Amino acid sequence: MMEAILDRFIVIEGLDGSGTTTQMKLLVEAFDTMHISCHAAFEPTSSPIGTLVRDVLQKKTVTTPLALAMLFAADREDHLNHPLTGIIERLASGTIVVCDRYKYSSLAYQSVECGFDRVQELNMFPDPRFVFFIDTPIDDCLKRIDIRSNERELFERQEFLAQVRDNYELIFSRLDEKVVFTRIDGTLDRLDIHKHIVAVLNSYSIL
Ligand code: TYD
(Lines give C-alpha, C1' and ligand atoms only; values in the text may rest on other atoms or scores of the structure.)
Protein backbone atom coordinates (compact mmCIF):
# COMPACT_ATOMS: atom_id res chain seq x y z
CA MET A 1 0.00 0.00 0.00
CA MET A 2 2.68 2.47 1.14
CA GLU A 3 4.85 1.44 -1.83
CA ALA A 4 2.06 2.16 -4.28
CA ILE A 5 1.27 5.62 -2.98
CA LEU A 6 4.95 6.57 -3.04
CA ASP A 7 4.87 5.88 -6.81
CA ARG A 8 3.24 9.31 -7.11
CA PHE A 9 5.96 11.09 -5.11
CA ILE A 10 8.47 13.06 -7.24
CA VAL A 11 11.47 14.92 -5.80
CA ILE A 12 13.74 17.47 -7.45
CA GLU A 13 17.19 18.08 -5.93
CA GLY A 14 20.18 20.25 -6.74
CA LEU A 15 22.55 22.87 -5.36
CA ASP A 16 21.36 26.37 -4.46
CA GLY A 17 20.73 28.21 -7.72
CA SER A 18 20.54 25.00 -9.77
CA GLY A 19 16.93 25.67 -10.75
CA THR A 20 14.97 23.11 -8.72
CA THR A 21 12.17 25.58 -7.93
CA THR A 22 11.74 26.50 -11.62
CA GLN A 23 11.52 22.83 -12.58
CA MET A 24 9.08 22.01 -9.78
CA LYS A 25 6.78 24.80 -10.99
CA LEU A 26 7.04 23.81 -14.69
CA LEU A 27 6.22 20.21 -13.82
CA VAL A 28 3.22 21.11 -11.68
CA GLU A 29 1.94 23.30 -14.55
CA ALA A 30 2.32 20.37 -16.94
CA PHE A 31 0.21 18.15 -14.66
CA ASP A 32 -2.38 20.92 -14.30
CA THR A 33 -2.59 21.30 -18.08
CA MET A 34 -3.27 17.56 -18.35
CA HIS A 35 -5.93 17.85 -15.60
CA ILE A 36 -3.97 15.44 -13.42
CA SER A 37 -4.29 16.19 -9.70
CA CYS A 38 -0.92 17.45 -8.47
CA HIS A 39 0.44 19.29 -5.42
CA ALA A 40 3.41 21.69 -5.47
CA ALA A 41 5.52 21.07 -2.36
CA PHE A 42 8.82 22.49 -1.16
CA GLU A 43 11.22 22.19 1.77
CA PRO A 44 11.86 24.06 3.95
CA THR A 45 8.08 24.50 4.08
CA SER A 46 6.06 27.60 4.93
CA SER A 47 4.91 26.07 8.26
CA PRO A 48 6.02 27.62 11.58
CA ILE A 49 8.96 25.18 11.75
CA GLY A 50 9.92 25.86 8.13
CA THR A 51 9.73 29.60 8.80
CA LEU A 52 12.16 29.19 11.68
CA VAL A 53 14.50 27.27 9.36
CA ARG A 54 14.37 30.12 6.82
CA ASP A 55 15.26 32.63 9.56
CA VAL A 56 18.42 30.61 10.22
CA LEU A 57 19.22 30.36 6.47
CA GLN A 58 18.80 34.13 6.16
CA LYS A 59 21.05 34.61 9.18
CA LYS A 60 18.29 36.33 11.21
CA THR A 61 18.59 33.63 13.87
CA VAL A 62 21.74 31.78 14.86
CA THR A 63 21.76 28.19 16.09
CA THR A 64 24.03 25.14 15.98
CA PRO A 65 24.38 22.92 12.88
CA LEU A 66 22.79 20.01 14.78
CA ALA A 67 19.82 22.09 15.95
CA LEU A 68 19.33 23.21 12.34
CA ALA A 69 19.51 19.58 11.13
CA MET A 70 16.84 18.72 13.72
CA LEU A 71 14.65 21.61 12.61
CA PHE A 72 14.89 20.49 8.95
CA ALA A 73 13.92 16.97 10.08
CA ALA A 74 11.04 18.25 12.21
CA ASP A 75 9.80 20.35 9.31
CA ARG A 76 9.97 17.26 7.08
CA GLU A 77 8.15 15.03 9.59
CA ASP A 78 5.33 17.56 9.77
CA HIS A 79 5.35 18.00 5.99
CA LEU A 80 5.03 14.24 5.43
CA ASN A 81 2.68 13.22 8.21
CA HIS A 82 0.48 16.19 8.99
CA PRO A 83 -2.98 14.57 9.23
CA LEU A 84 -4.73 17.09 6.95
CA THR A 85 -2.17 18.59 4.62
CA GLY A 86 0.68 16.06 4.81
CA ILE A 87 2.33 14.60 1.71
CA ILE A 88 1.35 11.03 2.70
CA GLU A 89 -2.30 12.05 3.04
CA ARG A 90 -2.24 13.78 -0.35
CA LEU A 91 -0.57 10.81 -2.04
CA ALA A 92 -3.11 8.46 -0.45
CA SER A 93 -5.94 10.52 -1.91
CA GLY A 94 -4.50 9.99 -5.41
CA THR A 95 -2.68 13.31 -5.85
CA ILE A 96 0.79 13.48 -7.36
CA VAL A 97 3.23 15.40 -5.17
CA VAL A 98 6.22 17.21 -6.69
CA CYS A 99 8.62 18.33 -3.97
CA ASP A 100 11.37 20.94 -4.43
CA ARG A 101 14.05 19.35 -2.15
CA TYR A 102 13.53 16.51 0.34
CA LYS A 103 15.61 14.39 2.74
CA TYR A 104 18.49 14.19 0.21
CA SER A 105 19.06 17.93 0.82
CA SER A 106 19.53 17.24 4.53
CA LEU A 107 21.84 14.32 3.79
CA ALA A 108 23.89 16.49 1.43
CA TYR A 109 23.92 19.83 3.31
CA GLN A 110 23.68 18.97 7.03
CA SER A 111 26.17 16.08 6.73
CA VAL A 112 28.91 18.62 5.97
CA GLU A 113 28.86 19.77 9.59
CA CYS A 114 26.97 17.02 11.47
CA GLY A 115 28.28 13.85 9.83
CA PHE A 116 26.35 11.53 7.57
CA ASP A 117 25.28 8.97 10.22
CA ARG A 118 23.75 11.57 12.54
CA VAL A 119 21.78 13.17 9.70
CA GLN A 120 20.70 9.77 8.40
CA GLU A 121 19.33 8.88 11.87
CA LEU A 122 17.23 12.05 11.87
CA ASN A 123 15.90 11.34 8.37
CA MET A 124 14.40 7.86 8.45
CA PHE A 125 11.73 8.97 5.99
CA PRO A 126 10.38 7.01 3.01
CA ASP A 127 11.97 7.29 -0.42
CA PRO A 128 10.00 8.83 -3.29
CA ARG A 129 9.68 6.87 -6.55
CA PHE A 130 11.41 9.52 -8.67
CA VAL A 131 14.43 11.69 -7.93
CA PHE A 132 15.62 14.24 -10.48
CA PHE A 133 19.03 15.79 -9.82
CA ILE A 134 19.66 19.06 -11.63
CA ASP A 135 23.41 18.95 -12.02
CA THR A 136 24.59 22.55 -12.38
CA PRO A 137 28.26 23.62 -11.99
CA ILE A 138 28.87 25.54 -8.73
CA ASP A 139 30.14 28.66 -10.53
CA ASP A 140 26.93 28.86 -12.57
CA CYS A 141 24.86 28.42 -9.38
CA LEU A 142 26.70 31.22 -7.59
CA LYS A 143 26.35 33.55 -10.60
CA ARG A 144 22.58 32.96 -10.65
CA ILE A 145 22.33 33.48 -6.87
CA ASP A 146 24.13 36.83 -7.15
CA ILE A 147 21.85 37.98 -9.96
CA ARG A 148 18.80 36.99 -7.89
CA SER A 149 19.79 38.83 -4.70
CA ASN A 150 22.42 41.02 -3.04
CA GLU A 151 22.45 38.83 0.05
CA ARG A 152 23.85 35.32 0.21
CA GLU A 153 22.19 32.71 2.44
CA LEU A 154 24.01 30.52 4.96
CA PHE A 155 25.16 27.77 2.57
CA GLU A 156 25.73 29.84 -0.57
CA ARG A 157 29.53 29.60 -0.58
CA GLN A 158 31.84 27.91 -3.08
CA GLU A 159 33.69 25.70 -0.55
CA PHE A 160 30.52 24.61 1.22
CA LEU A 161 28.65 23.82 -2.00
CA ALA A 162 31.64 21.77 -3.22
CA GLN A 163 31.21 19.52 -0.17
CA VAL A 164 27.43 19.39 -0.67
CA ARG A 165 27.95 18.29 -4.28
CA ASP A 166 30.31 15.49 -3.17
CA ASN A 167 27.72 14.37 -0.59
CA TYR A 168 24.97 14.34 -3.23
CA GLU A 169 27.15 12.07 -5.39
CA LEU A 170 27.65 9.68 -2.49
CA ILE A 171 23.96 9.57 -1.58
CA PHE A 172 22.81 9.09 -5.16
CA SER A 173 25.31 6.28 -5.71
CA ARG A 174 23.66 4.40 -2.84
CA LEU A 175 19.96 4.96 -3.53
CA ASP A 176 17.50 2.12 -2.99
CA GLU A 177 16.96 0.26 -6.27
CA LYS A 178 13.24 1.13 -6.23
CA VAL A 179 14.06 4.81 -6.71
CA VAL A 180 14.17 5.97 -10.34
CA PHE A 181 17.10 8.40 -10.36
CA THR A 182 17.72 10.83 -13.24
CA ARG A 183 20.62 13.25 -13.48
CA ILE A 184 20.02 16.20 -15.79
CA ASP A 185 22.60 18.62 -17.14
CA GLY A 186 21.74 21.88 -15.36
CA THR A 187 23.43 24.01 -18.02
CA LEU A 188 20.68 23.11 -20.49
CA ASP A 189 17.86 25.54 -21.19
CA ARG A 190 15.11 25.35 -18.55
CA LEU A 191 12.58 24.07 -21.08
CA ASP A 192 14.95 21.33 -22.26
CA ILE A 193 15.44 20.24 -18.64
CA HIS A 194 11.67 20.21 -18.23
CA LYS A 195 11.23 18.11 -21.41
CA HIS A 196 13.75 15.60 -20.09
CA ILE A 197 11.82 15.27 -16.81
CA VAL A 198 8.52 14.88 -18.68
CA ALA A 199 10.04 12.21 -20.96
CA VAL A 200 11.14 10.12 -17.96
CA LEU A 201 7.73 10.41 -16.28
CA ASN A 202 6.08 9.58 -19.60
CA SER A 203 8.08 6.41 -19.90
CA TYR A 204 6.65 5.34 -16.52
CA SER A 205 3.12 6.39 -17.59
CA ILE A 206 2.98 9.09 -14.90
CA LEU A 207 2.43 11.97 -17.33
P1 TYD B 1 15.65 27.56 -0.81
O2 TYD B 1 15.02 28.85 -0.49
O3 TYD B 1 14.84 26.38 -1.16
O4 TYD B 1 16.79 27.76 -1.86
P5 TYD B 1 16.85 27.41 -3.38
O6 TYD B 1 15.59 27.95 -3.97
O7 TYD B 1 18.10 28.11 -3.80
O8 TYD B 1 16.94 25.91 -3.47
O9 TYD B 1 16.60 27.29 0.41
C10 TYD B 1 16.90 26.10 0.79
C11 TYD B 1 18.25 26.14 1.41
O12 TYD B 1 18.26 25.22 2.49
C13 TYD B 1 19.33 25.67 0.47
O14 TYD B 1 20.56 26.27 0.83
C15 TYD B 1 19.41 24.19 0.79
C16 TYD B 1 19.14 24.17 2.26
N17 TYD B 1 18.55 22.92 2.78
C18 TYD B 1 19.26 22.17 3.69
O19 TYD B 1 20.39 22.53 4.06
N20 TYD B 1 18.71 21.04 4.19
C21 TYD B 1 17.46 20.62 3.84
O22 TYD B 1 16.99 19.56 4.33
C23 TYD B 1 16.73 21.41 2.90
C24 TYD B 1 15.34 20.99 2.50
C25 TYD B 1 17.30 22.56 2.39
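What follows is a dialogue that goes from the whole chain to single residues.

Q: Before we start, what kind of model is this, and how are residues numbered?

A: It's a predicted model, where local features need pLDDT of at least 70, side-chain atom pairs count only at pLDDT 80 or more, and totals for chains, interfaces and linings use all residues. Residues are numbered from 1 along each chain as its sequence is written, and side-chain values use heavy atoms, with hydrogens and water left out.

Q: How many helices and strands are there in the protein chain?

A: Helices (H or I, at least four residues) and strands (E, at least two) are DSSP runs, numbered from the N terminus. Here the protein chain has eleven helices and five strands. Its radius of gyration is 16 Å, close to the 17 Å that the globule rule gives for 207 residues, so the chain is as compact as a globular protein of that length. That radius is taken over C-alpha atoms, and the rule is 2.2 Å times the number of residues to the power 0.38. Along the principal axes, the C-alpha atoms fill a box of roughly 40 × 40 × 30 Å.

Q: What do burial and contacts say about the chain as a whole?

A: Buried means under 20% relative accessible area, exposed means over 50%, and partly exposed is in between (1.4 Å probe, protein chains only). By that reading, 47% of the 207 residues count as buried. Contact means heavy atoms within 4.5 Å. Among contacts with a separation of 6 or more, 76% come from residues 24 or more positions apart.

Q: And the surface and charges?

A: Accessible areas come from the Shrake-Rupley method with a 1.4 Å probe; for residues, only the protein chains shown count as cover. The protein chain exposes about 10,200 Å², and carbon and sulfur atoms supply 53% of that. For charges, Lys and Arg count as positive and Asp and Glu as negative, while His and the chain ends are not counted. Each charge is placed at NZ of Lys, CZ of Arg, CG of Asp or CD of Glu. The mean positions of the 22 positive and 32 negative charges are 2 Å apart.

Q: What should I look for in the backbone angles?

A: Most residues other than glycine have a negative phi, and most peptide bonds are trans. His 35, in the loop between α2 and β2, has a positive phi near 60°. Arg 101 has a positive phi too, near 80°, and lies in the loop between β3 and α6 (103-109). Then there's a cis peptide bond joining Glu 43 and Pro 44, with omega about -5°. Pro 44 lies in the loop between β2 and α3 (48-57).

Q: Is His 35 buried or exposed, and is Arg 101 buried or exposed?

A: His 35 is exposed, with a relative accessible area of 75%. Arg 101 is buried, at 13%.

Q: Which residues does Tyr 168 contact?

A: Tyr 168 lies in helix α10 (residues 158-173) and counts as buried at 0% relative accessibility. Leaving aside neighbours within four places in sequence, its contacts include Glu 13, Gly 14, Leu 15, Arg 101, Tyr 104 and Phe 133.

Q: Where does Thr 136 lie?

A: Thr 136 lies in the loop between β4 and α9 (138-148), and at 4% relative accessibility it counts as buried. Not counting residues up to four places away in sequence, Thr 136 touches Leu 15, Ser 18, Cys 141, Arg 144 and Gly 186.
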